[in-house]
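This report examines how two protein chains meet and how selected parts of one of them are arranged. Please keep the sequence and the structure at hand while reading.

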Amino acid sequence: MGEGKLVLDGLRKAFPGLPVLDGVAFDVAPGEFVSLIGPSGCGKSTLFDVVAGLETPDAGRVLVDGEDTTGRVDPFAYMPQRDLLFPWRTVLDNTTLGLEVAGMSRRAARERARPLFAPFGLAGFEKARPQELSGGMRQRAALLRTVVQDRAVLLLDEPFGALDSLTRTDMQTWLEGVRAHYGWTVLLITHDIREAVFLSDRVVVLAPRPTSVVREVAVDLPRPRTVEMITSARFAAVEEELLAALRGGRAP
Amino acid sequence: MIRTLRRLAPPLVLVALGLVAWQWYVTAADVRPQVLPSPLRVVEQGWAFRDQIWANTVPTLQVTAVGFTVSLVLGWALAIAVDFSPWLRRALVPLFVASQTLPIVAIAPLLIIWFGFGLLPKVVVIALVTFFPVTVGLVEGFAATDRQATNLLRSMGASRWEQFRYVRLPGALPRFFTSLRIGITYAVTGAIFAEYVGATAGLGIFMSVQRNSFRTDLVLAAVVVTALVSVALFALTYLVERLVVPWRPREVRHG
């Protein structure tokens, strides 16, 4: 499904009496991992809904590989904050939901999803019900459901926000590994600066609502990232820069 | 099994105590059986008239089954229509509520005048008393679908019908079974009431006839049978639920 170059071009969105997006513009290169951070309530989730084609912007465009895809859902695989695994489906059938909706037969969809179970640490849980999985496993299953759709760009909305910190660190390390292997183009929302730095090639800082881009910070740490890097001076310097940008954005 | 027994024990103990007190009172005060028969007499006479009671139970079960089926079909059709059309939601939901304000006591005899002593007036009464909990349970079950789940399905490119099939429908099933249980208990009493007003056979008309000949004991025997039928149907819904919604019990235990 194309290379996955994503361009956000001057996105504006207001709800009645509430301007939310005030000309948000940035790019994501094919295979790049970009994180979005911003003060809470700044409109990150609205921005995601607009990019994912769930909300129509009042102005501006979303382009994927040069094509205007504003309001279209098909270039994006979307992972919401909660895992939303449905208890009436097995784990395998939860992961194939997007493929089935896209018209693939259940059998073909299962054949597509099954090989991903081992790299996602879910081998042996194909027939389990979601409620039998741990929190980390549920998030990996939700991510599997997202990536198996084979869309150009992955939109991840705070995927690890609900996990305890130890599990979260494990998940971040794991994600860093699989991402390098599959070369996804990822846009990630997070409120965790450390997570943003650890995973990203670039971090986009948003202003308070009505939001726009305050700053883009490149993370020039070598890949693959390791847990040891978190304590390095370079890592701390990037974190520092992002914190400053966040604080600067809050001032009037 | 042991858990079920443990749950059933307290109400059974209470019922047993009540029966003992009743038996004692009737014996001690020497009440005439036409006024208040003892529990033992109810059982004794009920058993003696078992053929007649059974012959009247079958038509009642039939009427209940037909009436409740009509109610279910109607309830599902209306609930789905309401789920797909905001206009129909605004138009119909107030009418559902209004249907519950109809005094069945007054309507039922009229139904007999309009439709005769056959199946139809009874089916209408049962549908009237049961379709409300079923329909409202479904309508609310569909509407309670998580917004994020809807968005997830939309992001996958799901049509409104696919959203319904993959998320709204299965998500509404637990709530549907709750309302099904309310409905089915109304269904049996609704059938009895419809028969009471006018019928050729059935527990309702049986009670009416026995009351007129002061066979209080047989009226109460029929009441016991009615209660047993209701409880059996109630229990049946749990069985069906376990087959249709196998994922539910686990969640309930955790919640």
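## The contact between the chains

The structure discussed here is a predicted model. In this model, 20 residues of chain B are in contact with 24 residues of chain A. The area buried between chain B and chain A is about 2000 Å², and carbon and sulfur atoms give 62% of that area. Three residues of chain B stand out: Gln148(B), Met156(B) and Tyr166(B) supply 32% of the area that chain B buries against chain A, more than any other three residues.

Which residues form the salt bridge between chain A and chain B? Arg82(A) pairs with Asp146(B), and their closest N and O atoms are 2.7 Å apart. The count of salt bridges between chain B and chain A is one. Between these chains there are also five residue pairs in polar contact, counted with both residues at pLDDT 80 or more. On the side of chain B that touches chain A, the elements that give two or more residues are helix H7 (147–155), helix H8 (160–197) and helix H11 (248–254) of chain B. The largest share, seven residues, comes from H7(B). By type, the residues on this side of chain B divide into 10 nonpolar, five polar and five charged.

Strand S7 of chain A covers residues 153–157, and five of its five residues are buried. Their side chains can be sorted by direction: Val153(A), Leu155(A) and Asp157(A) point one way from S7(A), while Leu154(A) and Leu156(A) point the other way.

S6(A) and S7(A) run parallel and are joined by four bridges. Phe76(A) stands opposite Val153(A) in S7(A), and Met79(A) has Leu156(A) as its bridge partner in S7(A). S7(A) also pairs with strand S8 of chain A, residues 186–189, in the parallel sense over four bridges. In that pairing, Val186(A) in S8(A) is the bridge partner of Leu154(A).

## A glutamate in helix H6

Is Glu176(A) buried or exposed? Glu176(A) has a relative accessible area of 2%, so the residue is buried. Its place is in helix H6 of chain A, which covers residues 165–182.

The surroundings of Glu176(A) can be listed by leaving out residues up to four places away in sequence; the residues it then touches are Phe198(A), Leu199(A), Arg223(A), Pro224(A) and Arg225(A). Arg225(A) places its backbone nitrogen 2.9 Å from a polar atom of the side chain of Glu176(A).

## Salt bridges in chain A

A search of the whole structure finds 27 salt bridges over all chains. One of them joins the side chains of Glu55(A) and Lys13(A), with an N to O distance of 3.6 Å. Glu55(A) lies in the loop between helix H1 (44–51) and strand S4 (59–64) of chain A, and Lys13(A) lies in strand S1 (residues 6–15), so the pair ties together parts that are 42 residues apart in sequence. The relative accessible area of Glu55(A) is 21%, so Glu55(A) is partly exposed. Lys13(A), by contrast, is buried, with a relative accessible area of 10%.

Glu239(A) and Arg194(A) also form a salt bridge, and their closest N and O atoms are 3.5 Å apart. Glu239(A) belongs to helix H8 (residues 233–250) of chain A and Arg194(A) to helix H7 (residues 193–199) of chain A, so this pair ties together parts that are 45 residues apart in sequence. Glu239(A) is buried at 16% relative accessible area, whereas Arg194(A) is partly exposed at 41%.

A further salt bridge links the side chains of Glu100(A) and Arg106(A), at 3.5 Å from N to O. Glu100(A) is buried, with a relative accessible area of 8%, and Arg106(A) is partly exposed, at 39%. Both residues belong to a network of salt bridges that links Arg89(A), Asp93(A), Glu100(A), Arg106(A) and Arg110(A).

How values were computed: Residues are numbered from 1 along each chain as its sequence is written. Chains are lettered from A and ligands numbered from 1 in the order in which they are written. This is a predicted model: local features need pLDDT of at least 70, side-chain atom pairs count only at pLDDT 80 or more; totals for chains, interfaces and linings use all residues. Side-chain values use heavy atoms; hydrogens and water are left out. Contact means heavy atoms within 4.5 Å. Buried area is the accessible area (1.4 Å probe) that two parts lose on being put together, summed over both. A salt bridge is a side-chain nitrogen of Lys or Arg within 4 Å of a carboxyl oxygen of Asp or Glu. A polar contact is a pair of N or O atoms within 3.5 Å; within protein, one must be able to donate a hydrogen and the other to accept it, and residues adjacent in sequence count only if both atoms are side-chain atoms. Ala, Val, Leu, Ile, Met, Phe, Trp, Tyr, Cys and Pro count as nonpolar, Asp, Glu, Lys and Arg as charged, and the others, Gly among them, as polar. Buried means under 20% relative accessible area, exposed over 50%, partly exposed in between (1.4 Å probe, protein chains only). Two strands pair if DSSP finds at least two bridges between them.
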